[in-house]
Amino acid sequence: MRNFPLSRGTVAGILKGYSGLSAAVYTEIYSNLLNNSSSQLLLFLAIGLPILCLLIMYFVRPCTPSSIDSSIEHGHFLFIQAASIVLGFYLLATTVLGDVLKLNESTSSAFLFIMVILLMAPLLIPIKMTLYPINRVDAMGANLEKTEPLLVASSSNTNLVSFQESDDGTDVNMLLAEGEGAVKKKRRPKRGEDFEFVEALVKADFWLLFLVFFVGVGSGVTVLNNLAQIGIAQGARNTKILLSLFSFCNFVGRLGGGAVSEHFVRTKTIPRTIWMTCTQVIMIITYLLFASALKGTLYIATALLGICYGVQFSIMVPTTSELFGLKQFGMFYNFMSLGNPLGALLFSGLLAGYVYDHEAAKQQGINNLINASASCLGPNCFRVTFLVLAAFCVMGSILSVVLTIRIKPVYQMLYAAGSFRLSQSMNH
């Protein structure tokens, strides 16, 4: 976020998109490289990944962000997005082929090699920038030419205060008193500036964003955790394809949510949270489709839910940074991310688990349920769960509308010039 503050939605979409593909990548490694060995997979996750992260950590460092939009930077982002889309389609295709056909060892190795090449494709950008560096003298000249009018227009910073708590008179009096040496009091940050974590805790927008995100990802992860059982209950023959479909659509939602929100926030100053509203309305429809268990709707509902679930992540990340700043962004992000495990605990562990076990007990009898793990079949296994999730998404949609209305003036100020307005605090 700090390195690319002018493209927050795009960056969030790319990072979250690759995160969504990680499960499919590990599955390919598990199947083709580790020969379906659980012990070797655990060894790879426990030792291999930390070593890889330590090796790459050196190259991930803060840099001075650009103060103007760059067509070259935009082209780099487009290349990474295209590479990730190709990788997503490739993983989906190889997963389906692996389930349908019996592949020999050489074919599996070739699939794995191509996957690694696609994963490494974004490294072409730093290689190209190293071999063909940009003329920084010309870039600095362009920055100075475009920065000068921005400095003149910075007198409009008074607009930053006018759209929030209208305490202009109080601020003026406070400044006069400070000038006379009477008081020394720090001004509270406004939305769009850098917040301390405790300062954000008393803001209604902070809790509205958390609740909307909690409902979106909490309900979505409930379906993800129980997708195999949902497929079996509704008569799906191959639950692996169902999981692969959800994973791919989750990636599409994460990548597309960041790109689409970035486009509309720049061109129309539409708050990003409007896309959380739209996707949660669609989630209501998908949960009703799941509950109805109509023939032919299982895969459609799974695909729609995967997209909507992914959008929640790529919207939450840049919205949090834009409303509360980057000074303590890591703490804000980690707190918001609690919505995922908290939703899994409440909706999946308590609600879905109880409903499923209750229906399985009714179908097979208490004695059979105690003696062996019983499976529940039919739409009633999760119907109550889906109806409850739909009701929560109705509440989440309403809260998202309220949040969007509240923060619309913030986005009109931040993106009034067609791109994010960097504050002085960005240089800290």
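Trainee: How many residues does helix α3 have, and how far does α3 reach from its first C-alpha to its last?

Mentor: In this predicted model, α3 runs over residues 71-100, has 30 residues and reaches 44 Å from its first C-alpha to its last, which is close to the 44 Å expected at 1.5 Å a residue.

Trainee: Which residues of α3 are buried, and what covers them?

Mentor: The buried residues of α3 include His76, Phe77, Ile80, Tyr90 and Leu91, and the elements that cover the buried residues of α3 include α1 (8-33), α4 (105-120), α5 (124-131) and α12 (239-267).

Trainee: How do you know what span α14 should have?

Mentor: The expected span is 1.5 Å times one less than the number of residues, so the 27 residues of α14 should span 39 Å, and because the end C-alpha atoms of α14 are 39 Å apart, the two values agree.

Trainee: What makes α14 mostly covered?

Mentor: Of the 27 residues of α14, 23 are buried, where buried means under 20% relative accessible area.

Trainee: What does Phe386 touch?

Mentor: Leaving aside residues up to four places away in sequence, Phe386 touches Val223, Ile230, Tyr287, Phe290 and Ala291.

Trainee: Why is Thr320 called buried?

Mentor: Thr320, which is found in helix α14, has a relative accessible area of 0%, and the cut-off for buried is under 20%, so Thr320 is buried. Not counting residues up to four places away in sequence, Thr320 touches Leu209, Gly325, Phe329, Phe332 and Met336. Thr320 and Phe332 are 12 residues apart in sequence, and their C-alpha atoms are 7.2 Å apart in space.

Trainee: Why are α14 and α18 called roughly perpendicular to each other?

Mentor: The axes of α14 and helix α18 (residues 383-414) come within 11 Å and cross at roughly 80 degrees; angles of 65 to 115 degrees count as roughly perpendicular, and therefore α14 and α18 are roughly perpendicular to each other. The contact is made by Thr319, Glu322 and Leu323 of α14 together with Ile407, Val410, Tyr411 and Leu414 of α18, and by class it has 5 nonpolar, 1 polar and 1 charged residues.

Trainee: Which residue follows α14?

Mentor: Gly325 follows α14, and the phi of Gly325 is positive, near 80 degrees.

How values were computed:
Residues numbered from 1 in each chain as written. Predicted model: local features only at pLDDT ≥ 70, side-chain atom pairs only at ≥ 80, totals over all residues. Heavy atoms only, no water. Helix = DSSP H or I, 4+ residues; strand = E, 2+ residues; numbered from the N terminus. Buried < 20%, exposed > 50% of the residue type's maximum accessible area, 1.4 Å probe, protein only. Contact = heavy atoms within 4.5 Å. Axes fitted to C-alpha atoms, helices over the stretch in contact; angles between N-to-C directions. Parallel < 35°, antiparallel > 145°, perpendicular 65-115°, else oblique. Nonpolar A, V, L, I, M, F, W, Y, C, P; charged D, E, K, R; others polar.
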